[in-house]
Amino acid sequence: MGILGLSKLIGECAPLAIKDNEIKNYFGRKVAIDASMSLYQFLIAVRSEGQMLTSTDGEPTSHLMGTFYRTIRLVENGIKPLYVFDGKPPQMKSGELEKRAEKREEALKELEKATEAGDAAMVDKFNRRLVKVTKQHAQECKELLTLMGIPYVDAPCEAEAQCAALQKAGKVYATATEDMDALTFGTTVLLRHLTFSEARKMPIQEFHLDKVLEGLNLNHSEFIDLCILLGCDYCGSIRGIGPKRAIELIREHKSIENILKKIDTNKYQPPENWNFAEARKLFLEPEVADPSTFELKWNPPDEDGLVKYLCGDKNFTEDRVRSGAKKLVKARNGSTQGRLDGFFSVLSTSTSKATAAKRKADDKKSTAKRGRGSFRGKPK
């Protein structure tokens with residue numbers, strides 16, 4: 001789910017934090033991709049297009065098709081993708097997972113009704129609501145990525161949190177996901193729509209956390225409390241408080257604790273035994289693996305291995321698989337040139353100011369010396 005209404009709120013209150021970009025502009029960038037979100041997109045997209053791809057035993061293969069061809073597209077554009085897979089969900093997410101399970105049960109009942117009525121549109125609608133990324137989907141994609149020479153990471157808990165940790169540690173340039181809570185976890189650069197197909201014709205949205213905070217006039221701690229008020233996966237939110245009211249309250253009172261002291265809790269009812277403080281801690285101190293322990297390598301693809309894995313039972317065409325493998329090799333050989341900004345160290349604002357001040361002082365000393373020398377050299 002991510003954070004309810006956050007992207008819209010940022011668009012309204014901090015529009016300068018969002019930049020539309022083209023995929024070619026990420027040439028030479030390493031990007032951590034939320035794997036489960038990508039797999040979900042692939043499964044949904046293929047269902048929507050009415051092309052349910054399956055293996056010989058009837059199991060869906062659209063997650064493999066999406067991963068194979070979209071990854072090739074990224075690599076052809078000079079991007080080095082790193083896929084990050086979810087680990088165990090945090091205990092606080094159990095309530096959200098139960099709600100999702102209930103919604104799937106409801107969708108299944110509605111699907112049966114739509115099937116009996118012969119309503120194709122409603123059948124498609126409820127079929128999409130039943131899509132779920134399974135451990136088998138994830139494992140199959142890990143095997144595929146290994147054969148493609150693309151690295152992946154198993155997060156101990158939430159993939160978005162691990163992506164954010166990798167990004168903050170400088171291992172990657174950005175986090176790619178549709179879930180806005182990557183910003184809540186502290187990623188400083190978020191890319192949305194990166195793994196969408198060309199058919200969607202949507203630009204990549206690049207969010208910068210520093211500009212988000214500046215535009216919302218909040219610090220990161222206040223931003224986390226705002227996200228909890230908007231609605232997150234870990235706890236409920238105050239009934240009757242929408243996005244605009246939420247940001248007004250956070251700006252005025254700075255924290256949820258202070259808000260609860262000031263509002264009429266009879267009118268605006270917080271959830272019973274509201275564990276917002278635990279949710280806040282999860283965003284501030286998520287369970288992640290130390291980024292320094294990962295050795296990320298992008299290797300040449302195993303063309304024969306890909307053919308063996310994807311063709312046959314999984315019904316991929318050998319010619320297309322071999323063509324895809326050759327594209328990976330060609331793109332890999334052609335992307336050895338790094339980005340220009342990779343050759344230069346970026347000075348912080350404070351460092352730049354100090355350097356400029358020192359240079360100015362040195363110039364004054366040089367001028368003074370030249371002045372004294374000229375005076376002493378004059379004849380009496």
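Predicted model: local features only at pLDDT ≥ 70, side-chain atom pairs only at ≥ 80, totals over all residues.
Residues are numbered from 1 along each chain as its sequence is written, and side-chain values use heavy atoms, with hydrogens and water left out. Local features need pLDDT of at least 70 and side-chain atom pairs count only at pLDDT 80 or more, while totals for chains, interfaces and linings use all residues.

The structure contains 12 salt bridges, each defined as a side-chain nitrogen of Lys or Arg within 4 Å of a carboxyl oxygen of Asp or Glu. One of them pairs Glu248 with Arg245, with 3.7 Å between the closest N and O atoms. Both residues belong to helix 11 (residues 243–253) and sit 3 residues apart, about one turn of the helix. Helices (H or I, at least four residues) are DSSP runs, numbered from the N terminus. Glu248 is partly exposed at 44% relative accessibility. Arg245 is also partly exposed, at 33%. Here buried means under 20% relative accessible area, exposed over 50%, and partly exposed in between (1.4 Å probe, protein chains only).

Glu303 forms a salt bridge with Arg322, the closest N and O atoms being 2.8 Å apart. Glu303 lies in helix 14 (residues 303–310) and Arg322 in helix 15 (residues 318–334), so this pair ties together parts 19 residues apart in sequence. Glu303 has a relative accessible area of 22% and is partly exposed. Arg322 is partly exposed at 24%.

Asp304 also bridges to Arg322, at 3.1 Å between the closest N and O atoms. This pair links distant parts of the chain, with Asp304 in helix 14 and Arg322 in helix 15, 18 residues apart. Asp304 counts as exposed, at 52% relative accessibility. Salt bridges with shared partners join Glu303, Asp304, Glu318, Arg322 and Lys326 into one network.

Methods: Helix = DSSP H or I, 4+ residues; strand = E, 2+ residues; numbered from the N terminus.
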